[in-house]
Amino acid sequence: MAQTVKVLNWNIQNYGKTKSGFKDIVDGIAETVYAIRPDIFALVELNTTLNSTAGAVAASIAKALYALSLKNGVSEYRLCILSSNTGLEYYAFFIRDPTKTIPLHPIDKTVGGHVSTIGGLFYPSFADVEFRKFTYTFAAGKIKISEGACLLYPDVQKVSIFGRPLGLPTWPGTRQPALCMFWCPSASGANKLLPVIVCHFAPNSNLAIQQFQTLRYFSPINGVSPQPLFAGPPSVPLNISYKIGGATATANVCNYVLTGDFNVNFIDPTQRTGYSSVEGVAYPDLGGVPAIKDGTHLVTPKFFSPRDFKSTAQLPISGFDNFFLRSGPPAPAAVTFAGPLTTNIPELIRIRQIKLLDSVSHYAELDQRGFQAGDYKLPLTDYASQLLGRTAINLSGSLIGGRIISDHLPVSFTLTLP
């Protein structure tokens, strides 16, 4: 048997109380996501440090997605799993059908004198943490928002070239990665376990590259990294226990998806080398296979010029968002992927498939501090008239409209789990 799983990643910049308060923005996001119909939608930059706010703003999208599904005669996107607070934001995982991609929930237990909690430390050994099928009940017409995506901390020791343990490293900077583990019942063997790891890496590229290099010290990633050639400890696939219903099983984690906002330009050859620790195939690199090779980050209005940009397809100029797939040796068969699909938000604005209303007036009132100042400086004084339908939307108006929703484009790809 095999199972396909479509994963969508979208950094909806500063998605917090302000953006979630505008129905036109929420509807535009939901309509874009529902047109793709991912099995797992990972939202990056849920912009709050309050758990109650995180749940409320995530619910705004979940409710809109659920309403769209009902219009299409199905009942989908009723479950959203939140990470814990990363220090600056949250991540959210929206699940289309939790009977197909079943989120697994870490079981609280004491490990080495430390309590492993939901979203907390897996220390000193990730392998001692058990997972169970996420429990959820849906009242009529209701969705469920629950915390359960675990923040990851390094749990694999550094080792010298002579094999001497050097202790656990620390995660450079803030915004740790988060893991949401899924059980995929139609896949075979250990391919049933699918870890999806999301991270909003540091906006400073040098620090982001340090974070890339630290990924090898997380046991789900380390366990399927390439075998060492001349030095270093051998990679050992992570063996976890999990409970589905009343039964307990154990399996190796032999695949993972790493996604998020990497903040290093993948499509710029001078910056691409920063991904060497993620893409490299020799120890201590991770052997990740990249899915995204196109632009996903929109040009800022400060650097926009009608002379240099001729269509909305040219507006995404940086490859900050990506997927890396690793399928390790313990897999029953190698996991493959198709895609990716990048959705052109400015074009949907231009053709009015996404219609902006109240949010335009709000941002127009902030114009002197927003689109006409600093990095957003743009010689466009009538974008509000364009977006509100009084005049045709030109290229610069499409850019402004696109950035009202998000300065990143949503990107997706489809895994096949044999």
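What follows is a working chat about a predicted model of one protein chain.

Colleague: Which residues touch the most other members of the largest nonpolar core?

Modeller: That core holds 67 residues, and Phe93, Leu193, Leu194 and Leu215 are the ones that touch the most other members. Apart from it lies another core of 51 residues, which includes Ile12, Ile36, Ala62 and Ala64. As general background, nonpolar side chains in soluble globular proteins tend to be buried together.

Colleague: Take Leu193, then; what does Leu193 touch beyond four places away in sequence?

Modeller: Leaving out residues up to four places away, Leu193 touches Leu104, Met181, Phe182, Trp183, Ile240, Tyr242, Ala251, Asn252 and Val253.

Colleague: Switching to rings, how many aromatic pairs are there?

Modeller: The count comes to 16 aromatic pairs. In one of them, the ring centres of Trp171 and Phe201 are 6.4 Å apart and the planes stand at 45°, so the pair is tilted.

Colleague: Where do Trp171 and Phe201 lie, and what does the pair tie together?

Modeller: Trp171 lies in the loop between strand S11 (165–167) and strand S12 (178–183), while Phe201 lies in the loop between strand S13 (193–200) and helix H4 (205–214), so the pair ties together parts that are 30 residues apart in sequence. Trp171 is buried at a relative accessible area of 11%, and Phe201 is buried at 0%. One aromatic cluster is formed by Trp171, Phe201, Phe212, Phe218, Phe262, Phe266, Tyr275 and Phe324.

Colleague: Now the backbone: which peptide bond ending at Pro284 is cis, and where is Pro284 placed?

Modeller: The bond from Tyr283 to Pro284 is cis, with omega near 10°, and Pro284 is placed in the loop between helix H7 (276–279) and strand S17 (289–290). A cis peptide bond also joins Gly339 and Pro340, where omega is about 10°, and Pro340 is found in strand S21, residues 336–342. For context, most peptide bonds are trans, and most residues other than glycine have a negative phi.

Colleague: On phi, what value does Tyr77 have, and is Tyr77 buried or exposed?

Modeller: Tyr77 has a positive phi of about 55° although it is not a glycine. Tyr77 sits in the loop between H3 and strand S3 (79–83), and with a relative accessible area of 1%, under the 20% cut-off, Tyr77 counts as buried. Arg352 also has a positive phi, near 65°, and is a residue other than glycine; Arg352 lies in the loop between helix H8 (345–350) and helix H9 (358–365) and counts as partly exposed at 29% relative accessibility.

Colleague: Last one: where does Thr48 lie, and what lies 3.0 Å from a polar atom of its side chain?

Modeller: Thr48 lies in the loop between strand S2 (40–46) and helix H3 (51–71), and the backbone nitrogen of Leu50 lies 3.0 Å from a polar atom of the Thr48 side chain. Thr48 is buried, with a relative accessible area of 10%, and, not counting residues up to four places away in sequence, Thr48 touches Thr53, Ala54, Asn85, Leu88, Glu89 and Tyr90.

Methods: Residues are numbered from 1 along each chain as its sequence is written. This is a predicted model: local features need pLDDT of at least 70, side-chain atom pairs count only at pLDDT 80 or more; totals for chains, interfaces and linings use all residues. Side-chain values use heavy atoms; hydrogens and water are left out. Helices (H or I, at least four residues) and strands (E, at least two) are DSSP runs, numbered from the N terminus. Buried means under 20% relative accessible area, exposed over 50%, partly exposed in between (1.4 Å probe, protein chains only). A polar contact is a pair of N or O atoms within 3.5 Å; within protein, one must be able to donate a hydrogen and the other to accept it, and residues adjacent in sequence count only if both atoms are side-chain atoms. Contact means heavy atoms within 4.5 Å. A nonpolar core is a set of buried Ala, Val, Leu, Ile, Met, Phe, Trp, Tyr and Cys residues joined through side-chain atoms within 4.5 Å. Rings of Phe, Tyr and Trp (its six-membered ring) pair if their centres lie within 6.5 Å; planes under 30 degrees apart count as stacked, over 60 as edge-to-face and the rest as tilted.
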